[in-house]
Amino acid sequence: MVPWLLKVLPRSLFRLDEVIELFDYPKTHLIAPVLEAHRRDFDPTSEPRDYIECFLLEQRSDPQRFTDEVLARSIGDMFSAGSDTTSTTLRWAFCLLCARPEAQRRIQAEIDQVVGTSRPPSVADRQQMPFTEAFLMETQRFGDIVPMGVTHSAEQEFELGGYTIPRGAILVSLLGAIHRDPAHFPEPEQFKPERFLDKEGRVRPSKALMPFSVGKRSCLGEAMARSELFLFLTCALQRYSFAFPAGFQHDLSSSDRRGVTTPKPFEVVPTRRR
Ligand code: HEM
C-alpha cells in the first residue's frame with residue numbers, strides 16, 4: 001500500500017484500525033498481563049527466574065534501552081519465530097510416522113522400555129532414546145522447513161571461501177541445498193533415520209544438519225525447540241498410534257508455499273494404545 005494514501009484516505013476504508021488491533025492483540029491481551037504480574041512480585045535481589053525477570057533487571061540499569069516496548073516486542077518475536085516452525089516440524093513428524101509405521105513402532109519400543117507407562121516422558125529420557133533422536137533429526141533434514149534460512153546483510157566487507165563479500169550484500173543461506181547434498185546425506189530423497197545412528201545404535205550427529213542455521217545469528221530457541229519436539233512426539237506415541245486413513249497415500253513432497261515448508265495436506269487416525 002502507498003503510505004501517503006493512508007494519510008489522505010479515511011482509515012475506515014481499509015478497516016485499518018481493525019488490522020492494527022489484530023496485530024497488537026498478543027501484546028495487549030497476552031503479554032501485558034504477564035508483564036504486570038511479573039512486575040508485581042519481581043524481587044531484584046533474588047536470582048532472576050525467567051527471561052522477563054532478566055530483562056527487568058537490565059531495565060533498572062539502562063531504562064532508555066531496555067524499555068517495556070522492547071520487552072513486549074522481543075517476547076512477540078519469540079512467539080512468532082517459535083510457533084509456526086515448531087508446529088510445522090511436528091506436522092512433518094506425524095506425516096512421517098504414518099508413512100513409516102516401522103519407525104513409529106521403534107520409537108514406541110524405546111518409550112515402552114525407557115519410560116514405561118506410569119509417568120510421562122521427560123527431557124532426561126532423551127539420551128537413552130537414540131532412535132527417537134535420530135527420527136527427529138531426519139524429520140528436520142527431510143522436512144527442511146526453512147530451506148533458505150533467514151536473509152541477512154553484510155555489515156562490512158569480508159572474505160569467504162576465496163570470495164570477497166561486499167558491505168551491504170544480501171546473504172541467503174541455502175540450508176536446503178546442504179540438507180539435500182548426497183555428499184553429506186547419501187540418497188537424500190529417502191527418509192532414513194538410521195543415517196544418524198552409528199553401528200552400535202548410538203546417535204551420530206552431522207555438522208551438515210542445520211535446521212536451526214549456524215553462526216552467531218542461529219536460532220535462539222534451538223534447545224527449547226528440540227525439547228518441545230521430543231516431548232510432543234513421545235507423549236503422543238506413549239498413548240496413541242497414528243495412521244493415515246485407509247487407502248490414503250502421501251507422496252511425502254511439500255506444499256508449494258513461501259517461507260516455512262509444510263508437507264502436503266493429510267489426515268491422521270489416532271488409535272489408543274492403552
Ligand atoms: C523446530 C523449530 C525451529 C526451527 C526449525 C527454527 C529455525 C530458525 C532459523 C533457521 C532461524 C534463522 C537463523 C539465521 O538467521 O541464520 C531462526 C531464528 C530465530 N529463532 Fe528459531 N527455530 C525454531 C524454533 C524456535 C523457538 C521455539 C524459538 C523461541 C523460543 C525461536 C526463536 C528464534 C529467534 C528469536 C530467532 C532470531 C535469532 C536472531 O536473529 O538472532 N525459534 N530459527
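The axes of H4 and H8 come within 10 Å of each other and cross at roughly 40 degrees. Axes here are lines fitted to C-alpha atoms, for helices over the stretch in contact, and angles run from 0 to 180 degrees between N-to-C directions. The two helices are therefore oblique to each other; angles under 35 degrees count as roughly parallel, over 145 as roughly antiparallel, 65 to 115 as roughly perpendicular, and the rest as oblique. The crossing of H4 and H8 is right-handed. A crossing is left-handed if the near helix is turned anticlockwise from the far one by less than a right angle, and right-handed if clockwise.

Some notes on the model and its labels follow. The model is predicted: local features need pLDDT of at least 70, side-chain atom pairs count only at pLDDT 80 or more, and totals for chains, interfaces and linings use all residues. Residues are numbered from 1 along each chain as its sequence is written. Helices (H or I, at least four residues) and strands (E, at least two) are DSSP runs, numbered from the N terminus.

On the H4 side of the contact stand Gly82, Thr85, Thr86, Thr89, Leu90 and Ala93, and they meet Ala225, Glu228, Leu229, Phe232 and Leu233 in H8. Two residues are in contact if their C-beta atoms, placed from the backbone, lie within 7 Å. The residues of this contact divide into six nonpolar, four polar and one charged. Ala, Val, Leu, Ile, Met, Phe, Trp, Tyr, Cys and Pro count as nonpolar, Asp, Glu, Lys and Arg as charged, and the others, Gly among them, as polar.

The ligand comes next. Of the 22 residues around the ligand, Ala81, Gly82, Ser213, Cys219 and Gly221 come nearest. Helix H4 (68-99) and helix H8 (222-239) are the elements that give two or more residues to this shell. A residue is near a molecule or strand if its C-beta atom, placed from the backbone, lies within 6 Å of it. H4 gives the most to the shell, with seven residues. By class, the shell has eleven nonpolar, nine polar and two charged residues.

Serine 213 lies in the loop between helix H7 (175-179) and H8. Its phi is near 70 degrees, a positive value in a residue other than glycine. Most residues other than glycine have a negative phi. A residue is buried if 20 or more other C-beta atoms lie within 10 Å of its own, exposed if 12 or fewer, and partly exposed in between, with C-beta atoms placed from the backbone.

Aspartate 144 also has a positive phi, near 45 degrees. This residue is found in the loop between helix H6 (130-143) and strand S1 (152-153). Aspartate 144 counts as buried because it has 20 C-beta neighbours inside 10 Å.

H6 itself packs with helix H5 (residues 101-114) at an angle of about 140 degrees, with their axes 8 Å apart. H5 and H6 are therefore oblique to each other, and H5 passes H6 in a left-handed crossing. Ala103, Arg106, Ile107 and Glu110 in H5 meet Phe131, Thr132 and Phe135 in H6. This contact has four nonpolar, one polar and two charged residues.

Leucine 252 lies in the loop between strand S5 (240-243) and strand S6 (269-272). Leaving aside neighbours within four places in sequence, leucine 252 is in contact with Ala99 and Phe191.
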